[in-house]
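Biologist: Take me through this one, term by term. I want each label set against its cut-off.

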Amino acid sequence: MMFLKLAWLNIWRNRRRTLITVASVFFAVLLAITFRSVTDGVYENMIHNVVSYSSGYLQIHKKGYWDEQSIDHSFEADEQLSKKLLNNPKITYLMPRLETFALSSFADKTKGVMVLGIDPVSEKEVNRLNEKIIEGQYFESNNVDHILIGSGLAEQLNTKVNDTLVLIGQGYHASSAAGKFKIDGILKLGSPELNSNVIYMPLQASQYLYGAENRLTSLSIMLGKTSDLESSKRAVENTIDIEAYEVMTWKQMMPEMDQFIEADSAGHYIIIGILYFIISFGLFGTLLMMTFERNREFGILIAIGMKKRLLAYVVLLESIMISLMGCLMGVLAGILIVHLFTENPVQFSGSLREVYEDYGFEPIIYFSGHIRIFITQTLIILVLAILLALYPGFKILRLKPVDAINS
């Protein structure tokens, strides 16, 4: 306790030096938290944009469906199964879907499309699909002849709201599926690939069109904690009949996106490694300044009988206290900044917006507020600061009192 009190008094003997060191740690923590929050936020948003509109974080389908994605491998909707799954606190929403393909036609233009039969209510709650409409309106009811299409598809087919689109495909058990559908709205989705290929229609309408009453091709699962995929998958497998059904994560269903994120993350790890290197030099510079400024002081203390190891211990405590203050202030500032930009994401406009969209990214920078970001980055900076704080102690142990006093 005496050494803690002595260290605390020492750090405030020279306020300017202490504040400079605290500021170095503060900006290091703030910069690390902000950078990591941005990178994680972009990845999380990219994953959410794709999986929420298509596969879900987890997906239940009939065994064999993924190898041959045919409507013949659909299964009957089971209310009891849905209730059991929703008892799992990690599962936030279940999204029943009937996914298949069709040939769309308008005037003299045709294009192969993915037809998604959805529950309009759950899609509105989970994806805010109604907010993606740039022309027209969202489904008002489960009309059998109303659809929503992506803006990319509308542009390719040269269609607009209230136009009638013809869909031709193969229904359940090789039955014919054909119909005319009125375009209620045009969507602008975050995924350009989906934007150019997707048609949404109410689930009952798609079941009627394809002769698959009360049948689903998949049950998409949305999770509260997206990082806990494997344990959530095991929990779902324990709930269902694994002889009849199969559970897959979005990483298994979309390995190319997972590989892209892994490759891109490697580049970010290099960048943040360079950031830590720069931060370390900044911290080391302030500690070096502090050591040389107090060189004569250390020499006098050793000359009047203070043991070198005890003096090194006190100086280490001083460095730890300063680092803790800087880390605490950095975390508090980081929480404020991340919260601000989580509520108000950065949206690009103009040519920069077009560049992002051309590369398949939504032109919005999201911040992630996951608690692990604050804990991990703070601990890394704190460990760096403490390791660098060993330098003053090393210098004290090798200090020659006469040389230090005369310096």
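What follows is a set of questions about the labels, each with its answer.

Modeller: The model is predicted, so local features need pLDDT of at least 70, side-chain atom pairs count only at pLDDT 80 or more, and totals for chains, interfaces and linings use all residues. Residues are numbered from 1 along each chain as its sequence is written, and side-chain values use heavy atoms, with hydrogens and water left out.

Biologist: What makes Arg36 and Asp40 a salt bridge?

Modeller: The term asks for a side-chain nitrogen of Lys or Arg within 4 Å of a carboxyl oxygen of Asp or Glu. For Arg36 and Asp40 the closest N and O atoms are 3.1 Å apart. That value is within the 4 Å limit, so the label holds. The structure holds four salt bridges.

Biologist: Where do Arg36 and Asp40 lie?

Modeller: Both are in helix α2, four residues apart, about one turn of the helix. Helix α2 covers residues 15-51. Helices (H or I, at least four residues) and strands (E, at least two) are DSSP runs, numbered from the N terminus.

Biologist: Why is Asp40 called buried?

Modeller: Buried means under 20% relative accessible area, exposed over 50%, and partly exposed in between (1.4 Å probe, protein chains only). Asp40 has 8%, so it counts as buried. Arg36 is buried too, at 9%.

Biologist: Which residues does Asp40 contact beyond its neighbours within four places in sequence?

Modeller: Those are Ser368, Arg372 and Ile373. Contact means heavy atoms within 4.5 Å.

Biologist: What makes Asp40 and Arg372 a salt bridge?

Modeller: The closest N and O atoms of this pair are 3.0 Å apart. Asp40 lies in helix α2 and Arg372 in helix α14 (residues 371-388), so the pair ties together parts that are 332 residues apart in sequence. Arg372 has 36% relative accessibility and counts as partly exposed. Arg36, Asp40 and Arg372 are linked in a network of salt bridges.

Biologist: How do you know that Glu123 and Arg97 meet in a salt bridge?

Modeller: Their N to O value is 2.9 Å. The pair links distant parts of the chain: Glu123 is in helix α4 (residues 120-126) and Arg97 in strand β3, 26 residues apart. Glu123 is buried at 0%, and Arg97 is buried at 0%.

Biologist: What makes the contact between His61 and Gln59 polar?

Modeller: A polar contact is a pair of N or O atoms within 3.5 Å; within protein, one must be able to donate a hydrogen and the other to accept it, and residues adjacent in sequence count only if both atoms are side-chain atoms. The side chains of His61 and Gln59 make such a contact at 2.9 Å. His61 lies in strand β1 (residues 58-62). His61 is buried, at 0%.

Biologist: What makes a set of residues a nonpolar core?

Modeller: Its members are buried Ala, Val, Leu, Ile, Met, Phe, Trp, Tyr and Cys residues joined through side-chain atoms within 4.5 Å. The largest core here has 53 residues. Among those touching the most other members are Ile60, Leu85 and Trp250. A second, separate core of 24 residues includes Val25 and Met290.

Biologist: Is Ala107 buried or exposed?

Modeller: Ala107 is exposed, because its relative accessibility is 69%, over the 50% mark. Ala107 sits in the loop between β3 (91-106) and β4 (109-118). Its phi is near 55 degrees, a positive value in a residue other than glycine.
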